[in-house]
Amino acid sequence: MAYRVGVDIGGTFIDFCVFDTATWELSTLKVLTTPADPGAEVIEGMRRLSEKYGIDPAAVESFIHGTTVGVNTVIQRKGARMALFTTENFSDVLEVARLRMPESYSLFSTRPEPLITRDRVFGLKERIRADGSIHTPLDPGSVRDALDRATAGGVEGVIVSLLHGWRNPAHEEQVADILRREAPDLFVFTSHEIWPVIREYERTTTAIINGYVHPRVAAYLGSLQDALKESGVTAEPLVTKSNGGVMSAELGKTSCVNMVLSGTASGVIGGAFVARSCGVENAITLDIGGTSADVAVVIDGAPQYGMGEKIGEFPLYIPSVSVTSIGDGGGSIARVDDFGVLKVGPESAGSDPGPACYGQGGDQPTITDAFAVCGFLGHHALAYESVSLDMDKARAAVGTLARRLDRSVEETAEAIIQVTVSSMYMEINKLTARYGIDLRDFALVTFGGAGPMLGCFLAKELHMRQVVIPTTPGVTSALGGLVADIRNDFVKTVFATAADAIGSIPADFEELSARALDWLHSEQHHAGTHTLHPSADMRYTGQSFEIEVPLDPDWLVNGNLAAILDAFHRRHDEVYAFSDSDAEVQIMNLRLVVAGAIEKPTLKALPPADGPADPVRDVQVWFGGEQITVPLYERDRLRAGQTLAGPAVIAQSDTTSCIPDGFMGTVDAHGSIILALQEVS
Amino acid sequence: MAIDKVTLEILSNHCRAATESMAYTLYRTAHSTFVKETEDFTIALITPAGKTFAIPLDLGATWFPGLDYRNVLDMVDGGYEEGDIAFTNDPYSGYVATHSPDLHLWKPIFHDGELVAFSSGHIHNTDIGGAVPASLSRSLVEIHQEGIRFAPCKLYKRGELNRELLDVMMTNVRQPEQNWGDLKAFVGAMNTGERKVKEMVAKFGVETFHQGVEDLMDYAEHQAREILRGMPDGAYFFSDYTDEDSESERNPCRLALTLTIDGDSATLDFTGSDPQLTSSINVPTGGYAHHTLMLVGVYYVLYTLNPNIMLNCGLTRPFTCILPKGTVVNPEFPAAVGMRSLTCGRLRSLVFGAFSLAIPERMPAAPAGSSSIVNVMTTDNTSGRRIIAAIDPVVGGAGGMPHADGPDGSGADASYLKNTPVELIEAEVPIEIMRYGLSPDSGGAGENRGGLGTWLEFKVFSPGTRITARNRDRTRFRPWGILGGKAGRPSNFIRNPDTPEEEILGNRDTLTAEPGDVLRFYGPGGGGRGDPLDRDPKRVLRDVERGCVSMHAARADYGVVIADGAVNAAETESLRADLRAAARPSGHFDFGPEREDYEKHWSRDAYDALTEILANLPVHWRFFVKSRIFDAMNAADRGGAETVRAAFAEIAEDHPQIRQYE
């Protein structure tokens, strides 16, 4: 008997997802978060798992954890106090950033204050040229001066990021040596070791985020390791990464930047896994929580990756699963402005006090309250029985707007839902235009506490034909950790025309491959199979941005320039709808992803049954401007192959699914509900 | 009857979705850096009458949410049919295009044969032909030098491209491939808009759609009027200058505004602004009372005061502009207009200044007001290759805000520019960047300090290296401070600074540099807001620690004495008392010594006299007479209205043809 445990720690709950590798049984558990005591909830969760399901901690063969500790450290600005050592005369790299401001029409638009303020940025006497040659040798005296001033200012660590450090790391290494020798108490990260790419701001800020979260992440993972030991779990814990893979928690203590987006990425991986298990290859994953919705695009079963994902207000330039965050969640507050227009969000009641209907002191009308008023909620204990529904409070809160809109409370609630759907429609529309995709070829995979509530309404608005609601929508992120591969990214900046670069490409690829395999085997002790996925960031000469082009390893080994160029032109045409086979092409970076395969659990098959599912009873809901009677289904009772038709409500302990008319649902072999939008006249 | 307010919000979201989709489609598929990096394009949906009712917020330039296409729509022959796409880039045909590189497109959208909307927008072509590469130079004096122009006509007729017309354009421009690439992307965006509007009409019904877009404009109008209602009634006069009116004369160009707020509406009277110039910094408006270029500053003010405001033509309704003919803000054909963006920058400062008089408690001090992109054309000594590249923009900080310091480096109305990483520049262009960052002490002192300007310094290694930096300004007249705050430091351009060969180049926008030359650019600093002697000494100390303010300036400008890394409270208090006692009484604005000196000659009276004289003259005489009066004023010991009139009398004496206007 053995178990694999996926754990996702969010703001309110910890989700546990447990696979019994012998029976393929999936169990889930939610525990309230105790932010003051990291590790305590894990101990509590393991205790409850063993109590409730008889799971022996010693039988846990892998423990995979997704956490928001990294991203929260940045958002709450509770990270390390650090100094930045950079090249003299370029000390404003963080203040100036890329110059552009976040808002274009506001006279008050501001950049966020850098994580290292200018008084702790020190310019060193040294200069490397773009070709890596030394213009001015490093003056060790300037390092010592900077160190004196930094320690006088009280810092825990130093980030070293020098101009052209990606091309020639010699000076960064010399500085790090001096620091490690003369100030062994300080942690030191250099920009070339974190992510050695051209572009000083991007490289520097990425190294800074790594250092900024390092002490807290290391402490957190340390207490996680201790907690597991105390619980009797002997397996080395793994953490999920921004790139959708996993790595050992031990490595996470220093490669912190790679796990900053751990939580959001595993949601997408989990969503993509569920989609695939239903035979869906192209999907939009929609994870709606209390304050926001995370949207991602899955094409051919794979999440899309990007650079520059936002960590709070700061961009992170390592390959990460691309997730767009929208400010609409179950707790988003509705209001009426002075022209009488109904607005929803971006203000949110969050999880504290939460929606009015949670009865925890909230009195503002939220999206969740609107669903409650319409009669969709309250038929089943919410959020694993930790919340009970106060319908009167929901009505009172929505009622404050009803008077101003001159509508009934129910009509107002439905209007709140419609406005919310239209604003999410707008955001997802932008995403599809950015990717140039046609949503009619995509299914909406919707999860998170509020996803299945809104998903079908949104799909209808977006003209999407299919919606997938996973079996346990509340724990999809935890599931994502269970199905993720051991994965790491490697990069070598080339920055030359393709013709000039091709000579050294076979050697560069060999070097990357050697590093990748060393990481996989020596650091991660992976014994199973693996795959290598090389790619290159390429552009036409003169362009100021590049695209990632997947490449065949054989082309790199053999230096096949024609094949590489052809792949670039085709990719450029796919992404930007044009290409120019006569134009000169540059290779910016050669990249390599190594993925050590982890055996994927197969979701357990539900017992089959034929024909329509049996509702437990009828309920009254307000929908389409009238009170109607619709069937209520309980998720636990649904069987593989059963069908149901909208309008309907499906209740389960972690969410409520609202199915409008026009949708025909089928329960698939593993319990996911696949809803098809019928052509309605 | 208006549609209900819930449907209105839903329609508003769908309109925004449509325009954002159009913008992303254009951005994704366009070829040129003007679209990809500078984002010099706009996208809109307009009513059958030509009013902009929806724009995107994520991408594009900020100038055209109130653009009205009504004049150009009727200039196209033969009415509109499904599949048509019309275009123009002529600044003098309907005043929609405002310089010739800007190509505007519009596509009619039909529902059951009825015209329901147009998708529209503009794109800045890197080059549209004419006298100079990129088509723009201050020195050009008539529109014909600024490239090929197309009066409004159909580029596509019922889906069929007019290839002959396209060939005419391609024959006349320097980078036809790039123009065509962008144009194709633009057509794709127009088609996206058409599809989206059709979806909206299907969803909402044609009646609701028609009424709804009108309601969206009423909504914006309501929001704008609410903001105006919250301002005190009154007439607020303000003037500001560009440093140079032309490359030939280099006298200041004055822009004047009387902002009259009356209840929930406002008049912007630009009388007193300079005559139409014999250079290309004129702003073509056709005298249209709601012209969007004259209201860009207003959009910023309204958006800043209410970030939820709808951006569409409805915003422009409460505002009426008075734009006298034959002036820099309403030039007559064929005045050159290519570099109108330089003047537009100052027009925004002008509007900000006037509003700061009306609502000082809610407005910031002047932003830098000058941003220019530095281009280098040089030869790689290793490969012998000629390299042309945009280096970095030289920008300045925002003005001190009511609640905080002005952002450093960029901000306020110059928020959209991106820089180029030093590492990329050096890898691609054979120059050495010696310094890139912020310029200490450049921000205007104030209780809330003005943002610092940027500092860019580089060395070139090849003979005949051409440097260009368009739109340079504010090297003479500083970004002003308000409410006791000081003006920001002006910008500058210096060759071989801190050497015996140092050469101050001021607003020069082109230069040939030789091997070993070092070029330094400073952007202007934003103006300060509030008395610097009231700034918390701890904030001054923090500025010193962060290198934004020098020890010297901390003492001299802020009266803060810092010793051993700490504020000396007692000495600070006594120094501040001394400085307060010695201070001159300050008005609402602090302009810095250059403008104060200038206005000793060129008082408001003197300008009133000049305006009166020039307004009476035929347009083709105005710039000449202005320049000669300036010559006389520069030579005179004292200025004022009398000197102006005397100078004109002498000029009329020399030129009998104009005596009748005396």
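**A guided look at strands, helices and contacts**

Guide: Let's start with a turn: strands E26(A) and E27(A) make a hairpin with 6 residues between them, and A:Gly542 in that turn has a positive phi of about 105°. Helices (H or I, at least four residues) and strands (E, at least two) are DSSP runs, numbered from the N terminus. This is a predicted model, in which local features need pLDDT of at least 70 and side-chain atom pairs count only at pLDDT 80 or more, while totals for chains, interfaces and linings use all residues. Residues are numbered from 1 along each chain as its sequence is written, with chains lettered from A and ligands numbered from 1 in the order in which they are written.

Visitor: How many bridges join E26(A) to E27(A)?

Guide: Two strands pair if DSSP finds at least two bridges between them. Here 4 bridges join E26(A) to E27 (residues 547-550) of chain A, and the strands run antiparallel. Across this pairing, A:Ala536 stands opposite A:Val549.

Visitor: Which residues does strand E28 of chain A span, and how many bridges join E26 to E28?

Guide: E28 covers residues 585-596 of chain A, and 11 bridges join this strand to E26 (residues 530-540) in the antiparallel sense. There, A:Pro534 faces A:Leu592 in E28(A). The loop between helix H18 (561-576) and E28 of chain A is where A:Ala583 sits.

Visitor: Is A:Ala583 buried, partly exposed or exposed?

Guide: The idea is to count neighbours: a residue is buried if 20 or more other C-beta atoms, placed from the backbone, lie within 10 Å of its own, exposed if 12 or fewer, and partly exposed in between. A:Ala583 has 14 other C-beta atoms within 10 Å, so A:Ala583 is partly exposed. From A:Ala583 to A:Gly345, C-alpha to C-alpha, the separation is 47 Å in space and 238 residues in sequence.

Visitor: What is B:Ile425 in contact with, beyond its neighbours within four places in sequence?

Guide: A contact means that the C-beta atoms of two residues, placed from the backbone, lie within 7 Å. Leaving those neighbours aside, B:Ile425 touches B:Ile391, B:Thr420 and B:Ile433. B:Ile425 belongs to helix H9 (residues 422-428) of chain B, and counts as buried because 21 C-beta neighbours lie inside 10 Å. Its C-alpha is separated by 8.7 Å from that of B:Ala390, 35 residues apart along the chain.

Visitor: Where does helix H7(B) bend?

Guide: To find a bend, take the angle between axes fitted to the seven residues ending at a residue and the seven starting there. H7(B) bends by about 30° at B:Val298. This helix (residues 292-305) has 14 residues and reaches 19 Å from its first C-alpha to its last, close to the 20 Å expected at 1.5 Å a residue; the expected span is 1.5 Å times one less than the number of residues. H7(B) is largely enclosed by the rest of the structure, because 14 of its 14 residues are buried.

Visitor: Into which domains is chain A divided?

Guide: Domain bounds come from an automatic or database domain assignment. Chain A is divided into domain 1 (1-67), domain 2 (80-215), domain 3 (264-303 + 322-476 + 600-681) and domain 4 (485-596). The C-alpha centres of domains 1 and 3 of chain A lie 26 Å apart. Their contact takes 14 residues from domain 1 and 12 residues from domain 3. Strands E1 (3-9), E2 (13-20) and E3 (25-32) of chain A each give two or more residues to the domain 1 side, with the largest share, 5 residues, coming from E3(A).
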